[in-house]
Amino acid sequence: MRVVWSILAKDLLLEWRERARTLSVVLFAVVTLLLFSFALGPDVEALRAGTPGFLVLALLLSSTLALNESFRIEREDRALEGLLMRPVGSMAMFYAKALANALLLTLLAPVVVGLAVVLYSLEVGPPALAGLVGCWALGAAGLAAPGTLYAAMTSRLKTQDVALPILLFPLVVPVLLGSVKAMDLVLFGDAMNQLQSWVSLLLAFDVIYWAVCGVLFRYAVEEGE
Amino acid sequence: MGAHARESAVHASGLGRRFGRYWALAHVDLEVPYGTSVWLRGSNGAGKTTLLRLVASLSTPSCGELAVGGHDVYRQRAAIRRSVSLVSHALYLYAGLTARETLAMWAQLGGTAAAARDVERRLDEVGLAAAADRRVGEFSAGMRKRLALARALLEAPRILLLDEPFSSLDRAGCELVEAWVRRFAETGGTVLMASHDHERSRALCERVIDLEDGQIVGRETLRATGDPS
């Protein structure tokens with residue numbers, strides 16, 4: 001836990017010091033949401049109906065930016081190698097980096113969900129808003145774990161910006177579907193009591209991703225033969 | 001693992017490292033007893049950095065045997081990394097952290113209370129006490145090198161790996177490194193150092209290993225181990 005906390009604190013401090021980077025991720029998510037509303041035109045009903053999908057896509061697209069950045073700081077001056085040289089388990093390193101990424105992506109929720117409420121004229125009360133943010137957080141956790149693993153793998157490549165989404169997006173389809181469906185039920189009612197099942201599914205994928213990626217992370221960061 | 005491997009700081013036999021079809025290191029047999037200072041001498045591309053990275057367990061051999069501190073590099077990397085410290089071309093620093101935060105983080109990662117208490121002393125030793133709260137990104141190359149040395153000091157290694165330790169340093173910085181390496185060796189530490197600074201390396205090390213095109217082409221003993229002259 002000490003190691004996880006040290007690396008997490010370092011990552012959060014660096015994020016805070018380089019706020020411009022964090023801000024660019026927030027702006028990217030906001031612009032994505034705006035573009036969806038421009039693409040669909042002034043049809044408010046269609047915009048409302050598409051809100052869950054737009055929110056999850058905004059999260060997904062901005063996550064690649066955040067994930068790439070999280071390993072850029074580790075590759076500069078080969079800082080990651082320095083961490084490997086300490087008695088730091090690669091699993092602890094993974095959980096620290098993934099936690100930092102999940103936290104950053106979750107922090108986007110108030111801004112992006114708030115903007116969606118205004119842009120798409122959503123009539124939602126505090127419980128539904130909390131539900132949306134909760135679904136967003138679960139989706140962010142589901143993206144952060146495989147995203148951290150793949151960001152570590154692709155950070156050595158010149159084509160990292162392209163390689164990360166190509167590898168990540170197919171893997172996180174279950175998270176994408178689960179998040180969209182859960183947000184849809186939060187926003188437009190849950191007559192058949194399905195929300196709990198979708199949230200459970202999201203949670204299950206989150207647990208699987210966090211467990212499996214934690215084990216695989218060492219192969220992503222250690223130099224092979 | 002043989003008796004030699006267990007008793008030596010570094011034991012290599014038939015060691016090789018290949019990148020694609022290019023052998024950066026081949027047929028290396030090496031025996032470095034504890035408490036010995038070794039200078040790896042050779043031109044650019046001779047294989048010095050590759051050898052140091054293999055000993056640090058940051059790279060995996062393509063063939064051969066390698067044991068560091070009695071630990072097998074294929075299976076016991078964590079144990080090797082606990083006893084080894086590397087100061088290389090890349091300094092493993094975060095530009096956004098201050099010097100003090102950098103060392104505090106390394107101390108915390110090491111998990112020893114002694115290291116945490118040592119932070120201020122190490123900053124002072126490398127002449128960075130006045131710049132302790134400045135961000136590393138604002139440092140000159142020499143200051144960054146000094147901070148990397150302070151980090152290595154903090155790790156309290158048994159085996160010290162230095163890749164061009166005098167580069168980027170001013171005269172005072174070079175003297176600091178010299179004094180530090182000498183003190184480290186006097187207390188029984190093992191040093192493997194790759195350097196183009198012949199004068200300083202000759203004064204510091206007891207043995208020389210000549211590398212050329214990834215192979216050892218010569219060995220020389222400058223003085224007996226432990227002889228400070």
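Let's start with Ala95 of chain B: it is partly exposed, with a relative accessible area of 35%. Buried means under 20% relative accessible area, exposed over 50%, and partly exposed in between, using a 1.4 Å probe and protein chains only. This is a predicted model, where local features need pLDDT of at least 70, side-chain atom pairs count only at pLDDT 80 or more, and totals for chains, interfaces and linings use all residues. Residues are numbered from 1 along each chain as its sequence is written, chains are lettered from A and ligands numbered from 1 in the order in which they are written, and side-chain values use heavy atoms, leaving out hydrogens and water.

Where is Ala95(B)? You'll find Ala95(B) in the loop between strand E6 (84–87) and helix H4 (99–110) of chain B. Helices (H or I, at least four residues) and strands (E, at least two) are DSSP runs, numbered from the N terminus. Leaving aside residues up to four places away in sequence, Ala95(B) touches Arg135(B), Val136(B) and Gly137(B); contact means heavy atoms within 4.5 Å. Ala95(B) and Arg135(B) sit 40 residues apart in sequence, and 6.4 Å apart from C-alpha to C-alpha.

Now over to strand E9 (residues 207–212) of chain B. Five of its six residues are buried, so E9(B) is largely enclosed by the rest of the structure. Strand E3 (residues 37–41) of chain B pairs with E9(B) in the parallel sense over four bridges; pairing needs at least two bridges found by DSSP. Here Leu40(B) stands opposite Ile209(B). E9(B) also pairs with strand E10 (residues 215–221) of chain B, in the antiparallel sense over six bridges, and there Ile209(B) stands opposite Arg219(B).
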